[in-house]
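Have the viewer open, and take the topics in any order you like.

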Amino acid sequence: DTATVSEYTLSGATVESNGVATCTVTYTNTLTNSVTITQYVRDTVFQNLISGKLYGMKGQQMVLTCVVHGDQLKADIDWDPTGTTATESYTSEATSSTFTIASVGDADGKDYTCSGRYQQDDSVATATQTLTVLKVTVTGTSPVNKEGDLTLTCDGVDAVASYSWKKGDTTVVDATSSTLSFTGIQFTDAADYKCVVVYEHSLGTLESDAFPVFVQGFVSLEQLNKAGAYNEIGETITLKG
């Protein structure tokens, strides 16, 4: 006729398994009785993280997904700075919401906060992630003097797997580093150059805008003739240098 109280500390519970404990009581007459108690873990997490980071490809669509775990969740997830969106699914253990960026731009590289609220005590579980915008830019000095040196530098921001370069629409042979260098540059090197970056983790491929390389210097009449720049007798020609 007396009551016995037993306590059990549950450690290592995760949002995947939650905390599940079974208490079994055995009486002196060998009868047993048991009860299973589940303590849902409350947590908010972003999906599709890569090494703990959130990446978006510039110019492409990006879908942010937030999942709130726990019991007695309210039906809305709050997004900051984008306001409140309706949840896509709702259960007693987890609710999720997505926010779509139609075309990722530089201004979208900022913190995003996702919050879920619980009905039982009105507490809030919050997660914040910074969106890193992946883009490819090329820098260098142009115009450059004939016979001079020039280095173009490609920046892919983060998580770069490989580089390649294009001269116009043609891939530059053996140009596989983040820089493309010219020593003793010639007029034939003048063109639009692009850097192509392949990203890790199957994120995809991005190409830079065209970087125009102009080569300036003097051209002799002999060089013009060799190039087929013939003129009629008596015609006026203008040379710029």
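Ser-208 sits in the loop that runs between β19 (205-207) and β20. This is a predicted model, and in it Ser-208 has a relative accessible area of 3%, so the residue counts as buried, the limit being under 20%.

**Around Ser-208**
- Leaving out residues up to four places away in sequence, Ser-208 touches Val-136, Thr-137, Val-138, Lys-194 and Cys-195.
- One of these contacts, Cys-195, is 13 residues from Ser-208 in sequence, while their C-alpha atoms are 5.4 Å apart.

**Nonpolar cores**
- The largest nonpolar core has 24 residues, and the members that touch the most others are Leu-152, Trp-165 and Val-213.
- At least two residues of this core come from each of β4 (54-57), β14 (150-155), β17 (179-182), β18 (191-199) and β20 (211-213).
- β18 gives the largest share, with four residues.
- Once neighbours within four places in sequence are set aside, Leu-152 is in contact with Val-138, Thr-139, Gly-140, Trp-165, Ser-178, Thr-179, Leu-180, Phe-182, Tyr-193, Phe-211 and Val-213.
- Another core lies apart from the largest one; it holds 17 residues, including Val-68, Ile-101, Leu-131 and Val-133.
- As a general background, nonpolar side chains in soluble globular proteins tend to be buried together.

**A three-stranded sheet**
- Three strands form an open sheet in the order β12-β14-β17, and their pairing is antiparallel.
- β12 (137-139) and β17 are the edge strands, each pairing on one side only.
- From one strand to the next, the twist averages 15 degrees.
- Three bridges join β12 and β14 in the antiparallel sense.
- If you want a residue to look at here, Thr-139 has Thr-153 in β14 as its bridge partner.

**The aromatic pair**
- How many aromatic pairs does the count come to? The count comes to one.
- The ring centres of Phe-182 and Tyr-193 are 5.4 Å apart and the ring planes stand at 75 degrees, so this pair is edge-to-face.
- Phe-182 belongs to strand β17 and Tyr-193 to strand β18, and the pair links distant parts of the chain, 11 residues apart.

Conventions:
Residues are numbered from 1 along each chain as its sequence is written. This is a predicted model: local features need pLDDT of at least 70, side-chain atom pairs count only at pLDDT 80 or more; totals for chains, interfaces and linings use all residues. Side-chain values use heavy atoms; hydrogens and water are left out. A nonpolar core is a set of buried Ala, Val, Leu, Ile, Met, Phe, Trp, Tyr and Cys residues joined through side-chain atoms within 4.5 Å. Buried means under 20% relative accessible area, exposed over 50%, partly exposed in between (1.4 Å probe, protein chains only). Contact means heavy atoms within 4.5 Å. Two strands pair if DSSP finds at least two bridges between them. Axes are lines fitted to C-alpha atoms, for helices over the stretch in contact, and angles run from 0 to 180 degrees between N-to-C directions. Rings of Phe, Tyr and Trp (its six-membered ring) pair if their centres lie within 6.5 Å; planes under 30 degrees apart count as stacked, over 60 as edge-to-face and the rest as tilted.
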